[in-house]
Amino acid sequence: MAYTLFFQKRYNAYHSKLLSKSYGNYFSEKIKDQDFDLIIAVSASAELAYLKTDVPVVYVADALFSGALNYYKTLSNLANTSITEGYQTEGLALRKAALCYLPSQWAINNAINDFKIPKNKIELGLFGANLVNIPTREFVIDHKNKKDNSFINLVFVGVNWQYKGGQKAYDCLLALLEKGFKAKLTIVGCTIPENIQHPDLKNISFIKKTTQEGRQQFEELYLNADFHILPTQFEAYGIVFCEASAYGVINIATNTGGTSAPIKEGENGYLMNSGSEGNDYANKIIEVYSNKEKFKELQLNSIKRYEEFLNWDAWAKNLVKALTEKKLISP
């Protein structure tokens with residue numbers, strides 16, 4: 001508050017030395033008499049930086065401080081003191097870890113270039129879809145072949161209309177319609193501006209995936225979708241891309257942050273430049289959708305990428321393999 005009031009700068013309390021030391025003392029006391037083989041610290045740089053333990057630690061984070069600095073709004077316009085403490089806290093956490101298990105090359109590059117973490121201490125671990133009871137590929141493809149395919153069905157899943165690129169997604173819908181293609185867009189997770197209304201635009205402000213009803217709603221959404229469009233400004237990774245892939249939905253999103261980890265160009269989607277507009281997204285969709293053989297191939301490859309890499313079982317198996325090879329756990 002004082003930094004903002006007097007210096008027009010923000011102070012990030014989470015990465016502060018004071019808070020981090022407090023966390024370190026608290027958790028060190030909590031675990032000192034426990035018999036653990038391994039500690040997995042997820043997005044916990046402040047909790048890990050001053051932790052005192054001989055137990056091997058795996059540090060998992062989708063974004064590191066250096067990558068998020070001036071990239072995320074919450075870490076923009078920070079005071080110099082806050083920036084210094086942020087680097088110190090993140091650096092201590094990374095060095096404390098026996099293994100840095102990071103989900104994207106973006107995060108890995110930050111660890112190597114900004115914090116000088118040795119490559120042999122880092123492993124790529126793609127995150128998975130946060131959905132349960134995902135149907136088989138046979139069921140998904142059969143449903144997509146039988147559903148109403150008289151129009152291009154687009155879905156946008158994001159919690160912030162502005163930062164996730166809601167306007168560009170809407171402009172994409174309009175561009176498709178103007179080019180003579182029938183299309184519909186469902187916006188999920190945020191409330192659209194009141195001035196944006198269209199008969200081919202549907203808004204579902206919130207779906208609770210922890211309920212049976214919410215899970216069924218998500219399943220129906222993805223089963224009937226052709227493309228998941230997310231022209232986002234900021235994205236550390238994007239678990240939503242994993243979820244779309246599980247249902248054979250082709251991702252089209254901005255190449256920013258860590259999006260190139262879950263989205264493999266030409267396999268389960270396409271990555272657009274940050275300056276791409278709605279019309280550019282529409283042209284890419286038309287290019288893919290008009291080639292029916294390629295379109296079907298992308299649907300199958302999206303499911304395959306989910307089955308092989310974008311699920312939590314694969315994440316866990318790869319982690320065990322890395323820990324075993326580094327002799328941090330017994331085979």
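Start with Thr186: at 13% relative accessibility it falls under the 20% cut-off, so this residue counts as buried. Keep in mind as you go that the model is predicted. Thr186 sits in strand β6, residues 183-188. Show what surrounds Thr186 and, beyond its neighbours within four places in sequence, you'll find contacts with Leu154, Val155, Phe156, Lys202, Ile204 and Leu221.

Next, select helices α8 (residues 166-178) and α11 (residues 278-290), whose axes are 7 Å apart and meet at an angle of about 55°. That makes α8 and α11 oblique to each other, and the crossing is right-handed. To see the contact, bring up Lys168, Asp171, Cys172, Ala175 and Leu176 on α8, then Gly278, Asn279, Tyr281, Ala282, Ile285 and Ile286 on α11. Colour the residues of this contact by type and you get 7 nonpolar, 2 polar and 2 charged.

Now for the rings. The count of aromatic pairs is 18. Tyr71 lies in the loop between α4 and α5, and Phe234 in the loop between β8 and α10, so the pair ties together parts 163 residues apart in sequence. Tyr71 is buried, at 16% relative accessibility.

Last stop: Trp312 and Trp315, another edge-to-face pair, with centres 5.4 Å apart and planes at 75°. Both are in helix α13, 3 residues apart, or about one helical turn. Trp312 is partly exposed at 31%, whereas Trp315 is buried at 14%.

Definitions and conventions:
Residues are numbered from 1 along each chain as its sequence is written. This is a predicted model: local features need pLDDT of at least 70, side-chain atom pairs count only at pLDDT 80 or more; totals for chains, interfaces and linings use all residues. Side-chain values use heavy atoms; hydrogens and water are left out. Helices (H or I, at least four residues) and strands (E, at least two) are DSSP runs, numbered from the N terminus. Buried means under 20% relative accessible area, exposed over 50%, partly exposed in between (1.4 Å probe, protein chains only). Contact means heavy atoms within 4.5 Å. Axes are lines fitted to C-alpha atoms, for helices over the stretch in contact, and angles run from 0 to 180 degrees between N-to-C directions. Angles under 35 degrees count as roughly parallel, over 145 as roughly antiparallel, 65 to 115 as roughly perpendicular and the rest as oblique. A crossing is left-handed if the near helix is turned anticlockwise from the far one by less than a right angle, and right-handed if clockwise. Ala, Val, Leu, Ile, Met, Phe, Trp, Tyr, Cys and Pro count as nonpolar, Asp, Glu, Lys and Arg as charged, and the others, Gly among them, as polar. Rings of Phe, Tyr and Trp (its six-membered ring) pair if their centres lie within 6.5 Å; planes under 30 degrees apart count as stacked, over 60 as edge-to-face and the rest as tilted.
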